[in-house]
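Colleague: I am new to this one. Could you walk me through how to read it?

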Amino acid sequence: MDPHLLRTFVAVVDHRSFSAAAGELGYTQSAVSQHIAALEADLGARLVERRPVGPTGAGERLMEHARPLLLRLAAARADITRLHATRPAQLTVAAGPLALTSAVADALARVRRSAPGLAVTLHVMGRDAVVGAVMAGDADLGLVDGAAAPTDPLPLPDPGPLSTAALTAAEQPLAVLLPAGHPLARRAGLRLPDLTDAQWLDAPDTAIPLPQLRAAARTDGFRPQVAYRGTDIKAVGTLVAAGHGLAALPLTAAAELPGTAAVPLSAPRLIHRTEALHPARPAAPVTELLALLGS
């Protein structure tokens with residue numbers, strides 16, 4: 001498959017529009033139509049319904065492969081580029097909102113003091129976006145957080161050629177965030193399986209993603225009432241305080257949100273962990289930062 005055609009297909013499905021995809025990619029609408037037709041001819045299947053625009057069954061199946069394929073192509077280009085690229089005096093870090101802690105900020109300050117003139121750029125984004133940024137070479141270091149058993153790695157997307165390292169100093173207990181007046185707010189601890197039928201907030205880029213809770217509790221519960229697509233922890237607290245659903249957060253972050261109560265999770269045994277992702281040959285500032293963070 002021609003990756004240019006595949007990229008056009010993803011844009012059309014994402015926007016549910018040929019014209020919007022053309023605007024994003026800088027093509028004419030006619031060129032986008034030709035790309036889709038060529039991809040359908042190559043695969044021998046209709047991939048996109050035209051009215052309304054959306055993926056067919058075959059198109060939905062292709063979408064399961066398309067993003068990882070395009071990401072691995074970008075990762076391959078970035079990996080080869082790193083072999084001969086001159087490293088400028090800059091450090092770009094991509095981090096999830098819960099991975100950006102005071103310890104990370106302090107470590108960045110120490111790295112800057114040891115390397116005068118180092119330009120630091122920090123991007124706060126969702127977990128999958130962090131992995132994608134490092135794979136594509138848009139970030140030198142990624143910090144991704146999530147919930148896992150004490151001895152298990154985080155359930156991350158395929159990181160390809162990247163190296164991963166757990167920041168053990170950043171591990172902490174998980175808590176369930178409830179409205180301050182919730183009947184369970186005064187409990188000493190809560191069991192996750194007992195909350196499968198509760199109302200939950202779906203905030204996958206900020207709170208612990210609901211699929212991770214389902215896997216931990218071995219249930220298909222934890223159905224969301226409200227979806228939040230953002231990276232503002234305070235916004236999650238505001239929504240929980242107003243009764244839009246529960247959320248799982250690291251205990252220290254949950255305890256700071258007004259109008260809510262943070263109750264430690266007692267079972268199953270889960271911790272909040274942050275992992276660092278970086279190229280196999282990281283730049284000197286990345287190595288120094290990882291040493292400071294205790295990887």
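Colleague: How many nonpolar, polar and charged residues are in the lining of the largest pocket?

Modeller: Bear in mind that this is a predicted model. Now the general idea. Rolling a probe the size of a water molecule over the atoms shows where empty space is left. In this case, the lining of the largest pocket holds 16 nonpolar, 6 polar and 3 charged residues. The volume of that pocket is about 540 Å³.

Colleague: Which residues lie nearest the centre of the largest pocket?

Modeller: Leu98, Leu100, Thr101, Ser102 and Thr252 do, out of 25 lining residues.

Colleague: Which element supplies the largest share of the lining?

Modeller: Look at α5, which gives 3 residues, the largest share. At least two lining residues each come from α5 (102-114), α8 (233-241), α9 (251-254), β13 (271-278) and α10 (284-293).

Colleague: On to helices. At what angle do the axes of α2 and α3 cross?

Modeller: Two packed helices are described by the angle between their axes and the distance between the axes. Here, helix α2 (residues 18-25) and helix α3 (residues 29-43) have axes that cross at roughly 105° and come within 8 Å. The two helices are therefore roughly perpendicular to each other.

Colleague: Which residues meet there?

Modeller: From α2, take Phe18, Ser19, Ala21 and Ala22. They meet Gln29, Val32, Ser33 and Ile36 of α3. By class, this contact has 5 nonpolar residues, 3 polar and no charged.

Colleague: Next, charges. How many salt bridges does the count come to?

Modeller: Side chains of opposite charge can pair when their charged atoms come close. The count for this model is 7 salt bridges. One of them is formed by arginine 50 with glutamate 40, with the closest N and O atoms 2.9 Å apart. Arginine 50 sits in strand β1 (residues 48-50) and glutamate 40 in helix α3, so this pair ties together parts 10 residues apart in sequence.

Colleague: Now the backbone. Which residues does a cis peptide bond join?

Modeller: Arginine 51 and proline 52 are joined by one, with omega about -10°. Proline 52 belongs to the loop between β1 and β2 (53-55). The bond from alanine 267 to proline 268 is cis too, and its omega is near -5°. Proline 268 is in the loop between β12 (260-267) and β13.

Colleague: And is phi of arginine 218 positive or negative?

Modeller: Positive, near 55°, in a residue other than glycine. Find arginine 218 in the loop between α7 (210-217) and β10 (224-227).

Key. Residues numbered from 1 in each chain as written. Predicted model: local features only at pLDDT ≥ 70, side-chain atom pairs only at ≥ 80, totals over all residues. Heavy atoms only, no water. Axes fitted to C-alpha atoms, helices over the stretch in contact; angles between N-to-C directions. Helix = DSSP H or I, 4+ residues; strand = E, 2+ residues; numbered from the N terminus. Parallel < 35°, antiparallel > 145°, perpendicular 65-115°, else oblique. Contact = heavy atoms within 4.5 Å. Nonpolar A, V, L, I, M, F, W, Y, C, P; charged D, E, K, R; others polar. 1 Å grid on protein atoms, 1.4 Å probe; cavity = no way out; pocket = protein on both sides within 12 Å on 5 of 7 lines; lining within 4 Å. Points joined across faces, edges and corners; volume = space filled by probe spheres on them. Salt bridge = Lys/Arg side-chain N within 4 Å of Asp/Glu carboxyl O.
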